[in-house]
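Please look over the chain shown here before reading on. The briefing below goes through its fold topic by topic.

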Amino acid sequence: RATALALPDIAARKGKDPLVCLTAYTTPVARLVDPHCDVVLVGDSLGMVLHGLPSTLGVTLDMMILHGQAVRRGVERAFMAVDMPFGSYEESPEQAFRNAAKVMTETGCAAVKLEGGVAMAETIRFLVARGIPVMAHIGLTPQAVNSFGGYAVQGRGEGAERILADARAVTDAGAFSVVLEKIPETLAARITDEIAIPTIGIGASPACDGQILVVDDMLGLFTDFRPKFVKRYAELGEAAAGAVAAYAEEVRARRFPAPEHVFADKPKAKSGTEG
Ligand code: KIV
Ligand code: NA
């Protein structure tokens, strides 16, 4: 099954219409976001959002592949990328290639994403030269939470030059786009202006060439944290809690199941196909 949007389509959006990107981890959510998105990312945020892990560090390659396969079944139009999880690519370009090739062949995704700038440039070059498109991810890189000591804004003051160097390094290494996470607007604008590949912002201002959010965050389904950069476009968590409470109440009151949910001994003449 071919995706309608290919790598050149994404790269060509530099400086043009904003790239609309969201995460997805399951087939139904992939089907929901696919018609509206240019890029669907199977993010390792799934560790926290779906599996209750305290950070993304415990996410495994098998988890990424399982969710990647589910998302692939729901994506027809969008360009699909899958995150490389912590520990699956940092050791060497060879390790990264072996695991990225496994992710691509077993999920059918079009690209992988990995965290890191200057330190990962050699690895990005190695993958790109061997047929694996890479989306880079710089600024706040959540897999480095233990090095950062938290999830603070990156690239303020003197840190700006380091992140600019990361942006240049991943561009020179051949990344086709780069996620900029949680950096000041002035820096995001400077990077977007300078590098030739699309920047995709999350907490990085409208200066970027595109935007991404964690889908469960913007739907109000994952509410453990509420970063400043998240806008809630729905409150599905509240709606779901209300539905579950209503169900519980009706079961306890024996109001559910109601007559329309109950099977008679013999099918009724006009009851349709459900017998
Ligand atoms: O894991 C993730 O969902 C991500 C995006 C938020 C960029 O890396
Ligand atoms: Na991620």
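This is a predicted model: local features need pLDDT of at least 70, side-chain atom pairs count only at pLDDT 80 or more; totals for chains, interfaces and linings use all residues.

Residues are numbered from 1 along each chain as its sequence is written, and chains are lettered from A and ligands numbered from 1 in the order in which they are written. The protein chain has eleven helices and eight strands; helices (H or I, at least four residues) and strands (E, at least two) are DSSP runs, numbered from the N terminus.

**The whole chain**

- The C-alpha trace spans about 75 × 40 × 35 Å along its principal axes.
- Of the 275 residues in the protein chain, 43% are buried. A residue is buried if 20 or more other C-beta atoms, placed from the backbone, lie within 10 Å of its own, exposed if 12 or fewer, and partly exposed in between.
- Among contacts with a separation of 6 or more, 61% are between residues 24 or more positions apart. Two residues are in contact if their C-beta atoms, placed from the backbone, lie within 7 Å.

**The barrel**

- Eight strands close into a barrel with parallel pairing, in the order β1-β2-β3-β4-β5-β6-β7-β8. Two strands pair if DSSP finds at least two bridges between them.
- Neighbouring strands of this sheet are turned against each other by 25 degrees on average, direction ignored. Axes are lines fitted to C-alpha atoms, for helices over the stretch in contact, and angles run from 0 to 180 degrees between N-to-C directions.

- Strand β1 (residues 19-23) runs parallel to β2 and is joined to it by three bridges. Leu-22 is opposite Val-40 in β2.
- Between β1 and β2 the chain passes through helix α2 (residues 27-33), in a right-handed β-α-β crossover. Right-handed here means that, with the strands pointing away from the viewer, the path from the first strand over the helix to the second runs clockwise.
- Four bridges link β2 to strand β3 (residues 79-83), and these two strands run parallel. Met-80 in β3 is the bridge partner of Val-40.

**Helices α5 and α6**

- In α6 (residues 121-129), the buried residues include Ala-121, Ile-124 and Phe-126. Their cover includes α5 (93-107), β5 (134-139) and α8.
- The axes of α5 and α6 come within 9 Å and cross at roughly 45 degrees. The two helices are therefore oblique to each other; angles under 35 degrees count as roughly parallel, over 145 as roughly antiparallel, 65 to 115 as roughly perpendicular and the rest as oblique.
- Pro-93, Ala-96, Phe-97 and Ala-100 of α5 make the contact with Glu-122, Thr-123, Phe-126 and Leu-127 of α6.

**Helices α8 and α9**

- The axes of α8 (residues 159-173) and α9 (residues 185-194) come within 10 Å and cross at roughly 30 degrees. That makes α8 roughly parallel to α9.
- Ala-160, Ile-163, Leu-164 and Ala-167 in α8 meet Leu-187, Arg-190 and Ile-191 in α9.
- Helix α9 also lies across β6 (177-181) and β7 (199-202), and runs at about 165 degrees to β7.
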